[in-house]
Amino acid sequence: MNQRLAALRALLVARGIDAALVTDHADVRYLSGFRGDDAILLASADRAFICSDSRFWAQIAAEVAGFELVRSESGGDLVADVLAAWSGSDAGGGRVRRLGFQGDTVAYSGYRRLRRRFDGRLVNVGDRLSALRMVKDDGELRTLRAAAALADAALDAVVSEGLRGRTEREVAWAIERAMRDAGAEAVAFPTIVAAGADGALPHAIPGDARIAAGDLVVIDMGARVDGYHSDITRTYAVGRPTDTQRHVYETVLEAQLAGLATVRAGVACHTVDAAARAVIDEAGYGERFGHGTGHGVGLEIHEKPRVGRRGAERLKAGMVITVEPGIYLEGSFGVRIEDTVVVTPAGCERLTLTAKELRLVG
């Protein structure tokens, strides 16, 4: 955690900020190690505070090192309490004039309260602070590999039991139960199981329709292990697919492989998106691929960098992203194929290893 706090302090220097108020839950965990859901941080060049109420004091004592605990009353104002502790300390008294805050996670009402409590200059650090999480360290990568392996195993186990005759909701619940039974602390996000025409809805909600012969079934799922997420999508054929279904599937697979082949350190995110999109455009389905090609994965299921048309961020070794093109034919079916990968200097390492050839299931 000391290296992470040092990175935050380097950001303060680069931005000319005296201290930063950290309110995003994922950033609080990343910087401090605190796994609870109600705490904030304030850090400067020489002091670091964590503020929470009595529900979490013992947990903070067990999980957090290098931060001074500010004890807030239950139902109190954490921001007011941590600012009071800071302004009353020798390190902060009278010297903090520029305070960074996370404008992307602070509501307008919260900003107004912050403005009333701090008489210096407020500087929106936007998502620059969250961007510190983009490059994963070895420990994070081990956890992400474990989350991906757990998701792979659960997906294979449930699909191997067959899909025909089961409802989307039943399959989703079976996948979630399998991940939990295998040790996941939670699902990464609500599992998507979308059969037939539902597959043309990228974020379909599993329903009670029964999966039938002739359906393509899109399954998008992931596990959360020690706070870190995995993300995988596969599309299956129930029975023999039609020529159109197979053609669309092969187009999406080719696009996904083209995107993966482009991933390496130094490449701009929009280049990965363009490589996948070009295959789908050439096949005549460009208007049926409306979302970005991928996103970062870590303590949040969707985090920086964004892999899309406007993704200017250049990939760095250690970033973890998804590559997930799709084609969605409204009223008919959809296909999406997604892997989570680690960026390397020369390419990428796939974390999700479930086979991608079109699998025919009963």
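Two strands pair if DSSP finds at least two bridges between them. Helices (H or I, at least four residues) and strands (E, at least two) are DSSP runs, numbered from the N terminus. The model is predicted: local features need pLDDT of at least 70, side-chain atom pairs count only at pLDDT 80 or more, and totals for chains, interfaces and linings use all residues. Residues are numbered from 1 along each chain as its sequence is written, and side-chain values use heavy atoms, leaving out hydrogens and water.

**Exercise 1.** Find the residue that stands opposite Ala-20 in β5.

*Solution.* Start with strand β1 (residues 19–22) and strand β5 (residues 98–101), which run parallel and are joined by two bridges. Within this pair, Gly-100 of β5 lies opposite Ala-20.

**Exercise 2.** Work out the strand order of the open sheet and name its edge strands.

*Solution.* The six strands follow the order β4-β3-β2-β1-β5-β6, and the pairing is mixed. Next, look for strands that pair on one side only: these are the edges, β4 (68–72) and β6 (121–124).

**Exercise 3.** Describe how α6 and α7 pack, and which kinds of residue make the contact.

*Solution.* Take the axes (lines fitted to C-alpha atoms over the stretch in contact, with angles from 0 to 180 degrees between N-to-C directions). Helix α6 (residues 138–160) and helix α7 (residues 168–181) pack at about 135°, their axes 9 Å apart. The two are therefore oblique to each other (under 35 degrees is roughly parallel, over 145 roughly antiparallel, 65 to 115 roughly perpendicular, the rest oblique). Now list the contact (heavy atoms within 4.5 Å): among its residues are Leu-150 and Leu-155 of α6 and Ile-175 and Met-179 of α7. Sorting the contact residues gives ten nonpolar, no polar and no charged, where Ala, Val, Leu, Ile, Met, Phe, Trp, Tyr, Cys and Pro count as nonpolar, Asp, Glu, Lys and Arg as charged, and the others, Gly among them, as polar.
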